[in-house]
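Here is a brief report on one protein chain. Please read it beside the sequence and the model.

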Amino acid sequence: MLRTAGGGAMLAAGLVGLTACVDSPELPNRAPPGWADELALRRPLDRNPDPHILEIDLRATPATLALWDLTPATPVYTFDGGIPGPLLELAVGDRLIVHFTNDLPEPTTIHWHGLRIPADMDGVPDHSQPAVLPGERFDYDFVVPDAGLFWYHPHVNSSAQVASGLYGPMLVRPVDASEDLAPDDEVVLVLSDIAIDDDGALVDPQSGGDLGTLFGREGNVVLVNGRWLPTMSVRSGVTLRWRVVNAARTRYFQLALPGTKFTRIGNDGGLLASPVEEDLLLLTPGQRADVLVTPDAAAGSLQFLTWVPYDRGFGSTEFRQEELVMRLDFSTDAPGQPSTPSFARALSPISITDATAVSLRLTQMKDPDGHVVLGVNNVPFSELAPLPAQIGETQVWTIENEMDWAHPFHLHGFFFQVLNDDGTPEQPLAWHDTVDIPVHGSRKIAVRFDERPGMWMFHCHILDHADAGMMGMIDLVP
Ligand code: C2O
Ligand code: CU
C-alpha cells in the first residue's frame with residue numbers, strides 16, 4: 001500500500017549515514033510478531049461455503065471461567081463458553097445466519113447493537129420476537145448493511161445477563177478495501193467489567209438496592225477481551241488501529257496512555273468525516289471508537305493503558321482511583337515510522353428543515369412503595385405509549401436529563417447525527433447510535449426513519465437504568 005511504501009522511504013531517508021541502524025530499513029513497519037496474541041478473540045465455525053454468508057451456531061450457556069488471578073473461577077453466562085462471545089467478521093452486504101440456542105436457565109434473546117436490520121431481527125422480546133425460552137432455539141438471518149464495529153448482547157433481563165458475561169463483537173468491513181487506509185496492525189478490543197466477590201462468585205446483579213440502580217453497577221474487575229490486565233506487545237513509533245467497544249453494563253471507559261494521543265477516525269456508525277485528536281479516549285456503555293494509536297516509549301520499557309475516572313454524576317469520581325486496563329510491552333526494535341493516513345469520509349448533514357420536533361425527558365420517579373423507578377417523561381417503560389414515526393420522516397429529538405447521573409442514550413436500528421444547541425450538526429459529521437446526555441443537561445439528535453417499519457426501542461445504555469424503566473418504543477409505520 002502507498003502509505004507503507006511512503007513510510008518506508010521516509011524511514012530509509014532518515015537513516016542515511018547511520019550505520020548503527022543499518023538493519024532497520026529491512027524491518028517492516030509493523031508491530032512485533034504475535035503482538036496481540038493475548039488479546040485473541042475466538043472465531044465461530046462458518047458452516048456455509050458461500051464466502052458472502054457467515055452461518056454459525058451460537059449458544060448462550062453457563063460456564064465457569066478463571067477471570068481474575070485473585071479469586072477462584074467464577075460461574076458466568078457465556079456465548080459458546082467464553083467471554084466475550086466470538087468475533088463475527090463480515091463485509092458489507094454479507095448475510096449472517098445465526099442458529100441460536102438458549103442453554104441458560106432463563107429466557108433470553110440477541111440484540112445486534114447498531115445494525116440497521118429489519119425490526120423482527122432486532123432481538124427485543126415481545127416486539128421483534130418472543131423471548132427464547134430455556135432449551136429453545138431461534139434463527140437470526142439478515143444482511144449487514146454498514147461498515148464498522150458493532151456488538152451483540154441479550155435484551156431480556158439485560159443488566160444481569162450482560163453483567164454475567166453475555167456480549168460479543170461484530171466487525172463489518174467495507175467491500176472496497178481501498179476505502180480502508182488504516183494501518184495493517186489492527187485489533188478489536190472489547191472493554192467490560194465484572195463484579196466478582198472474594199470467593200469467586202458473581203456479585204448479586206441487584207446489589208446496592210435503589211442506590212445501586214441509580215448509580216448503576218460497575219464491576220470491580222476490568223476486562224479487555226475477557227482478560228484481566230492483558231499485555232500487548234508494541235514497537236515504539238508503529239501506529240496501531242484499535243477498534244474498541246464498551247460492553248460494560250454501566251462503566252464509562254475514559255482511557256489514557258502516557259504521552260500518547262488518540263486519533264479517533266470512527267465511532268458507532270463507521271468512519272468520521274475527518275479525524276479528531278484526543279488526549280483521553282471516552283466510550284460510554286454501548287459506544288464504539290476506531291482509533292489510531294502510536295505508542296511511544298524507550299525500547300524494552302513498559303507502559304499501562306489506564307482507566308481514568310469520568311464525571312458521569314454523583315459518586316463517579318469521588319474517591320475513585322485510576323485503574324490499570326492493559327499493559328504495553330515495548331520491543332527492543334528500533335522505532336518504527338508513525339503512519340498518518342488522512343481519513344476523510346463524505347458525509348452530509350441530515351436535512352432538518354421539515355423535521356418533527358420531539359422532546360424527551362429522562363426522569364426519576366418513585367413507585368408506591370417508595371422505590372426508585374426511572375422513565376421517560378415521568379412514565380416508566382411498562383406504561384409508556386410508543387412514539388409515532390413515519391417511514392421517510394425526519395425527527396429532531398431534544399433529550400433532557402433531569403437526573404444527577406448521565407445517561408448514554410441509545411436508539412435501536414437507526415443512526416443519528418448529534419446537533420449543537422442551535423441545530424447545526426456537530427463537527428466532524430458522524431453517525432451515532434449512542435450519545436451521552438450529561439447530568440442536568442440536554443442533547444439534540446436528528447434521525448431519519450428509513451423503510452424498515454416496526455417497533456424500535458430506545459433506552460439508556462446504563463443497563464441498570466434501562467431495566468429500572470428508562471426505555472421506550474417507536475412505532476414506525478408506512
Ligand atoms: Cu445495546 Cu437495546 O441495546
Ligand atoms: Cu441512564
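This is a predicted model: local features need pLDDT of at least 70, side-chain atom pairs count only at pLDDT 80 or more; totals for chains, interfaces and linings use all residues.

Residues are numbered from 1 along each chain as its sequence is written, chains are lettered from A and ligands numbered from 1 in the order in which they are written, and side-chain values use heavy atoms, leaving out hydrogens and water.

**Overall build**

The protein chain has 4 helices and 30 strands. These are DSSP runs, numbered from the N terminus: helices are H or I with at least four residues, strands E with at least two. The radius of gyration is 22 Å, close to the 23 Å of the globule rule for 478 residues, so the chain is as compact as a globular protein of that length. The radius is taken over C-alpha atoms, and the rule is 2.2 Å times the number of residues to the power 0.38. Along the principal axes, the C-alpha atoms fill a box of roughly 80 × 60 × 50 Å.

Of the 478 residues, 57% count as buried. Buried means under 20% relative accessible area, exposed over 50%, and partly exposed in between (1.4 Å probe, protein chains only). Among contacts (heavy atoms within 4.5 Å) between residues at least 6 apart in sequence, 76% join residues at least 24 apart.

**Domains**

The chain is divided into domain 1 (37–173), domain 2 (186–330) and domain 3 (356–477). The bounds come from an automatic or database domain assignment. The C-alpha centres of domain 1 and domain 2 lie 21 Å apart. Their contact takes 32 residues from domain 1 and 39 residues from domain 2.

**Two buried loop residues**

T71 sits in the loop between strand 1 (53–65) and strand 2 (74–79). T71 is buried, at 12% relative accessible area. Beyond its neighbours within four places in sequence, T71 contacts I196, D197, D198 and G200. The C-alpha atoms of T71 and V477 are 52 Å apart; the two residues are 406 residues apart along the chain.

D433 lies in the loop between strand 26 (417–419) and strand 27 (434–437). D433 is buried too, at 0% relative accessibility. Leaving out residues up to four places away in sequence, the contacts of D433 include H113, D268, R288 and H410.

**Backbone exceptions**

Most residues other than glycine have a negative phi, and most peptide bonds are trans. The table lists departures from this in the model.

| Site | Feature | Value |
|---|---|---|
| I83 and P84 | cis peptide bond | omega about -5° |
| Q427 to P428 | cis peptide bond | omega near -10° |
| D80 | positive phi | near 60° |
| D126 | positive phi | near 70° |

Where do these sites fall? P84 is in the loop between strand 2 and strand 3 (88–91). D80 is in the loop between strand 2 and strand 3. D80 is partly exposed, at 31% relative accessibility. P428 belongs to the loop between strand 26 and strand 27. D126 is in the loop between strand 5 (111–113) and strand 6 (137–143). D126 is exposed, with a relative accessible area of 69%.
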